[in-house]
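Colleague: I am new to this structure and would like a close look at a single part of it. Please take me through the nonpolar core and what surrounds it.

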Amino acid sequence: MGVTKETIRPGNGQRPKRGDTVQVHYTGTLRDGTVFDSSFKRQRPFTFTVGIGQVIRGWDEGFLTMEVGEKAILRITSDFAYGPSGAGGVIPPNADLDFEVELLAIN
């Protein structure tokens, strides 16, 4: 249970630390391939503070292992995502999720 990472493109070696603000791009999909959200599609990166609970646990843990410029797939089990509640009527309860992500910058 948790998060696993499959690197698509390596980064430059610079990793964020807990409490850093990061800028990322992502596409989130259910395991059946249904896209539920994408910053790539909006052409607008998402910014958050990593490691402090602003986002799902799988993101907090996954992005701490990434490097600037890295593109990867984060495979996140439901207990590290939205759990039995699901989210926003688009993510069902207990759904495992996949995110194609890119760490653009550490601010």
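Modeller: What follows describes the core, the strands that pair around it, and the pocket. The model is a predicted one.

The largest nonpolar core has 26 residues. Those with the most contacts inside this core are Phe 48, Trp 59, Phe 63, Ile 76, Leu 97, Phe 99 and Val 101. At least two residues of the core come from each of β2 (21-30), α2 (57-63), β5 (71-76) and β6 (97-106). In soluble globular proteins, nonpolar side chains tend to be buried together.

Apart from neighbours within four places in sequence, Phe 63 is in contact with Pro 16, Val 24, Phe 48, Val 50, Leu 74, Val 101 and Leu 103. Two of these contacts, Val 24 and Leu 103, also stand opposite each other, with Leu 103 in β6. Leu 74, another contact of Phe 63, stands opposite Phe 99 in β6.

β6 is mostly covered, with seven of its 10 residues buried. β6 pairs with β2 in the antiparallel sense over nine bridges, and with β5, also in the antiparallel sense, over six bridges.

The largest pocket has a volume of about 160 Å³. Its lining consists of Tyr 26, Phe 36, Asp 37, Phe 46, Val 55, Ile 56, Trp 59, Tyr 82 and Phe 99. By class, eight of the lining residues are nonpolar, none is polar and one is charged. Trp 59 and Phe 99 line this pocket and are also among the residues with the most contacts inside the core.

Key
Residues are numbered from 1 along each chain as its sequence is written. This is a predicted model: local features need pLDDT of at least 70, side-chain atom pairs count only at pLDDT 80 or more; totals for chains, interfaces and linings use all residues. Side-chain values use heavy atoms; hydrogens and water are left out. A nonpolar core is a set of buried Ala, Val, Leu, Ile, Met, Phe, Trp, Tyr and Cys residues joined through side-chain atoms within 4.5 Å. Buried means under 20% relative accessible area, exposed over 50%, partly exposed in between (1.4 Å probe, protein chains only). Helices (H or I, at least four residues) and strands (E, at least two) are DSSP runs, numbered from the N terminus. Contact means heavy atoms within 4.5 Å. On a 1 Å grid over the protein atoms alone, a cavity is a set of points where a 1.4 Å probe fits but cannot get out, and a pocket is an open set with protein on both sides within 12 Å along at least five of seven lines; lining residues have an atom within 4 Å of a point. Grid points are joined across faces, edges and corners, and a volume is the space filled by probe spheres set on the points. Ala, Val, Leu, Ile, Met, Phe, Trp, Tyr, Cys and Pro count as nonpolar, Asp, Glu, Lys and Arg as charged, and the others, Gly among them, as polar. Two strands pair if DSSP finds at least two bridges between them.
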